[in-house]
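These are my notebook entries on a structure that I examined element by element. The sequence and model are shown first.

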Amino acid sequence: MSGGAAGAASRFLRTTGQHATIEPDAFTDGGYVLTIGGAEQSHVNLIRPHEIFYEYLRRIGHLVDLAAPAGEPVRALHLGAGALTLARYIQATRPGSPQYAVELERELLDFVLRHLPLPDGTDLTTMIGDAREALGALDPGLSFDVVILDIFSGPEAPAHIASSDFYREARDRLGPGGVLIVNVGDEPALTLVRSQVAAMRKAMADVAAFGEAGMFEARYPGNIILAGTQGSWPESWTTELAARGPHPARVISGVDLDPFSA
């Protein structure tokens, strides 16, 4: 790793008109927090990138762990880059993985890469622009083992992305056995979760939901991870993900997921 963020830094983001800041995490050696518009957006550990602070990102990391044999490189596409926490995790756990990251905010990506450098050896191709447009602009011959969508941050979501048509386009970018992983941040009614389960079910052979157990009671806001597979959902994954946590964890698939489909 070359260099690293030593103190606080800030950058104005022209696309959204907000300020981004990167500050050291006083409680984690090597940890830094990316804040956008005053709200925490990402956490990065430059010393131990395989350790993920935010629970929902750890859950995504566990899904990536199951997508291929341990340590084997995977081709990953990140739609929504943030501080590239998951790209760092994949490089740390699967060295040599070719990765692509799409970010709408050019200033944000430049800011992150300048102050929070990637681990040595990271093979990352970055793209600036809309997630769906960038997906279509990729080399037609490229396929991915995992496609990770992390841009939904509330009940309002871009209609051209929160749709079955988009998920079909993402599915068509998956190689054999590839997994589509979608983070859905939602309000207590889980309106967005329900609509995205329904949309993904039209595009993928099977869909499962993974999150903190209480989230499925639809009583408070939070994140639920949706995973779309090209064959039947592996029941062994349900057992493995529930065991890995963070706890309490719950995985729902098949008919048990029907109540969460709009």
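**Entry 1**

Helices (H or I, at least four residues) and strands (E, at least two) are DSSP runs, numbered from the N terminus. I am working on a predicted model, in which local features need pLDDT of at least 70 and side-chain atom pairs count only at pLDDT 80 or more, while totals for chains, interfaces and linings use all residues. Residues are numbered from 1 along each chain as its sequence is written, and side-chain values use heavy atoms, with hydrogens and water left out.

Thr21 counts as partly exposed because its relative accessibility is 24%; buried means under 20% relative accessible area, exposed over 50%, and partly exposed in between (1.4 Å probe, protein chains only). Leaving aside neighbours within four places in sequence, I list Ala9, Ser10, Val33, Leu34, Thr35 and Phe111 as the contacts of Thr21, where contact means heavy atoms within 4.5 Å.

I then followed strand 1 (residues 9-13), which pairs with strand 2 (residues 18-24) in the antiparallel sense over five bridges. Two strands pair if DSSP finds at least two bridges between them. Phe12 has His19 of strand 2 as its bridge partner. Four residues lie between the strands of this hairpin, and Gly17 takes a positive phi near 70° there.

Is Ser42 buried or exposed? I record Ser42 as buried, because its relative accessible area is 6%. Ser42 belongs to strand 4 (residues 39-45). Outside the four places on either side in sequence, Ser42 is in contact with Tyr32, Val33, Leu34, Tyr54, Gly82, Ala83 and Thr85.

**Entry 1: strand 10 and its partners**

How many of the seven residues of strand 10 are buried? Six are, and strand 10 (residues 206-212) is thus mostly covered. Strand 10 pairs with strand 11 in the antiparallel sense over six bridges, and Gly211 has Ile224 of strand 11 as its bridge partner. Strand 10 also runs antiparallel to strand 12 (residues 249-253), with five bridges joining them; here Glu212 is the bridge partner of Ala249 in strand 12.

**Entry 2: backbone geometry**

Most residues other than glycine have a negative phi, and most peptide bonds are trans.

The peptide bond from Gly245 to Pro246 is cis, with omega near 0°. The bond from His247 to Pro248 is also cis, with omega near 0°. I place Pro246 in the loop between helix 7 (235-244) and strand 12, and Pro248 in the loop between helix 7 and strand 12.

Leu84 has a positive phi near 65° and sits in the loop between strand 5 and helix 2. Leu84 counts as buried because its relative accessibility is 2%. Leu190 has a positive phi of about 60°, in the loop between strand 9 and helix 6 (191-203).
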